[in-house]
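Hi everyone, thanks for coming. Let me put the structure up on the screen, and then I'll walk you through a few spots.

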Amino acid sequence: VEQVKEATGKRLTKSALSRYRATWSDAQHQMALAQKDAEAITAMLKQHPDMNFTESAMAMLLGKLVRRFAHAQESFENVPLDKLSHLLVKVARAQQATEVLRMQGERLALLQQKVAATAERVADAMKGKGLDEDTLKKIREEIYGLAA
């Protein structure tokens, strides 16, 4: 009881200490899971900076919801309908946002392909005009924003 008071400033009775520890322990576990997820995403982005991971993020979100339901202290019969509906709306919005991001990613990929194709046509035309490879590479990288 004294340690909790020193650490948090909360005053607990001995009987409340057990419930507090269970809640605190679950919160610590959830924080550890979130940190592990964040580290995994960071490592993935470092290895694949151009990767579209919206589907993975959605799967992670749904996994978190499943874990949250599995560890719920109340039974589903006692959960207010407004809480459940609010949660379902959040999931639906997350799915919609994921779909929009996927479509935008596809559009961006098509645009990048068009730019790359145009850059190749310009490079071919400029080679005939006597431009050297270094100049063409510089145009490709600095003007078109394409990697060599």
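Let's start with Leu12, which touches Val1, Val4, Leu17 and Tyr20, leaving out residues up to four places away in sequence. Touching, or contact, here means heavy atoms within 4.5 Å. Leu12 sits in the loop between helix H1 (2-8) and helix H2 (14-47). The C-alpha atoms of Leu12 and Glu2 are 8.6 Å apart, and these two are ten residues apart along the chain.

Quick word on what you're looking at. This is a predicted model, where local features need pLDDT of at least 70 and side-chain atom pairs count only at pLDDT 80 or more, while totals for chains, interfaces and linings use all residues. Residues are numbered from 1 along each chain as its sequence is written, and side-chain values use heavy atoms, with hydrogens and water left out.

Okay, the overall picture. The chain has five helices and zero strands, where helices (H or I, at least four residues) and strands (E, at least two) are DSSP runs numbered from the N terminus. Of its 148 residues, 11% count as buried, meaning under 20% relative accessible area, with exposed being over 50% and partly exposed in between (1.4 Å probe, protein chains only).

Now for H4. This helix has 47 residues and reaches 68 Å from first C-alpha to last, close to the 69 Å expected at 1.5 Å a residue; that expected span is 1.5 Å times one less than the number of residues. Buried residues in H4 include Val91, Ala94 and Thr98, and also Ala119 and Ala123.

So how do H4 and H5 pack? Helix H4 (residues 81-127) and helix H5 (residues 133-143) meet at an angle of about 155°, with axes 11 Å apart. That makes H4 roughly antiparallel to H5, a label for angles over 145 degrees. On the H4 side we have Ala116, Ala119, Glu120, Ala123, Met126 and Lys127, and they meet Glu133, Leu136 and Arg140 in H5. By class, that contact has five nonpolar, no polar and four charged residues.

Last stop: Gly145, in the segment after H5. Is Gly145 buried or exposed? Gly145 counts as exposed, because its relative accessibility is 58%. The C-alpha atoms of Gly145 and Ala116 are separated by 9.4 Å, with the two residues 29 apart along the chain.

Definitions and conventions. Axes are lines fitted to C-alpha atoms, for helices over the stretch in contact, and angles run from 0 to 180 degrees between N-to-C directions. Angles under 35 degrees count as roughly parallel, over 145 as roughly antiparallel, 65 to 115 as roughly perpendicular and the rest as oblique. Ala, Val, Leu, Ile, Met, Phe, Trp, Tyr, Cys and Pro count as nonpolar, Asp, Glu, Lys and Arg as charged, and the others, Gly among them, as polar.
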